[in-house]
Amino acid sequence: MTGRAIERLDGLLAVLVFAGMTLALYMALIGAPTERTMGDIQRIFYFHVPAAVTGFTAFAVNFAASLLYLARRRPGWDALALASAEVGILLFGMVLVTGPIWAKPVWFVWWTWSPRLTTSFILVLLYAAYLVVRKSFEDPDRRAKVAAVFGVVAFLDAPLVWFSIRWWRDIHPSPMLETGGLASSMRPALWVCLAAFGLLFLYLLRRRYRLESMRLSVERLARRVDTFR
């Protein structure tokens with residue numbers, strides 16, 4: 001695919017992200033009915049949950065790309081792993097911000113060290129450490145290898161986050177879709193928001209991956225120039 005075709009695809013994806021997010025805002029803030037117990041504060045749910053789902057997806061991409069780099073040693077997989085880790089931190093950062101905003105009026109606390117919240121906080125710290133580890137090595141091959149191993153290990157916390165409210169008693173609500181706690185009239189708004197965040201994830205991942213690929217190309221070119229000096 002040529003550079004112009006890539007730009008056109010990214011431009012189309014940007015338009016879809018804008019349209020999707022606009023529709024998601026409408027569905028979450030206006031289209032969805034007001035929850036009977038929590039009131040309008042419950043509308044944060046339509047952003048909190050999609051951010052968590054797409055954040056998990058980003059970390060899963062990092063895990064898969066890290067494994068593929070260790071198996072094949074191709075720089076493209078390392079670039080994808082880095083891009084997905086950064087996008088995942090951004091999305092899970094939204095989770096950690098929207099969660100306390102939702103929790104304060106409902107639980108009367110901003111934060112509690114429950115299993116779900118604690119493991120989620122640790123997950124973000126692990127991937128932040130992943131980025132720090134990458135800065136610790138100048139050699140690109142060693143940097144990519146160490147980062148890939150770290151990425152595989154960091155992802156081990158993701159299943160703990162996902163299953164924490166299923167395995168342990170927690171102040172965090174149980175999965176509404178699994179327990180039937182989400183009314184059918186609220187589900188269209190959730191699906192629209194999930195789709196919008198999915199488009200946002202794809203757009204950010206593609207752009208960040210392309211930027212990292214260009215950086216790697218410049219880095220390889222600089223090394224070649226140095227060999228002729």
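**The second largest pocket**

Tutor: Leu-82, Glu-86, Leu-131, Arg-134, Lys-135, Phe-137, Arg-143, Arg-208, Glu-212 and Arg-215 line the second largest pocket. The model is predicted, so local features need pLDDT of at least 70 and side-chain atom pairs count only at pLDDT 80 or more, while totals for chains, interfaces and linings use all residues. Residues are numbered from 1 along each chain as its sequence is written, and side-chain values use heavy atoms, with hydrogens and water left out.

A pocket here is an open set of points on a 1 Å grid over the protein atoms alone, where a 1.4 Å probe fits, with protein on both sides within 12 Å along at least five of seven lines; a lining residue has an atom within 4 Å of a point. The space in this second largest pocket is about 210 Å³, a volume being the space filled by probe spheres set on the points, which are joined across faces, edges and corners.

Helices H3 (75-107), H4 (115-134) and H8 (187-227) each give two or more residues to the lining of this pocket. The largest share, 3 residues, comes from H8. Helices are DSSP runs (H or I, at least four residues), numbered from the N terminus. By class, the lining has 3 nonpolar, no polar and 7 charged residues. Ala, Val, Leu, Ile, Met, Phe, Trp, Tyr, Cys and Pro count as nonpolar, Asp, Glu, Lys and Arg as charged, and the others, Gly among them, as polar.

One of the lining residues is Glu-212, which lies in H8. Glu-212 has a relative accessible area of 2%, so it counts as buried (under 20%, using a 1.4 Å probe and protein chains only). Leaving aside neighbours within four places in sequence, Glu-212 is in contact (heavy atoms within 4.5 Å) with Ala-79 and Leu-82.

The largest nonpolar core has 45 residues, and those with the most contacts inside it include Phe-59, Phe-92 and Leu-123. Such a core is a set of buried Ala, Val, Leu, Ile, Met, Phe, Trp, Tyr and Cys residues joined through side-chain atoms within 4.5 Å. H3, H4 and H8 are among the elements that give two or more residues to this core, and H3 gives the most, with 10 residues. Beyond its neighbours within four places in sequence, Phe-59 is in contact with residues including Ala-85, Gly-88, Phe-92 and Leu-123.

Note on methods: Buried means under 20% relative accessible area, exposed over 50%, partly exposed in between (1.4 Å probe, protein chains only).
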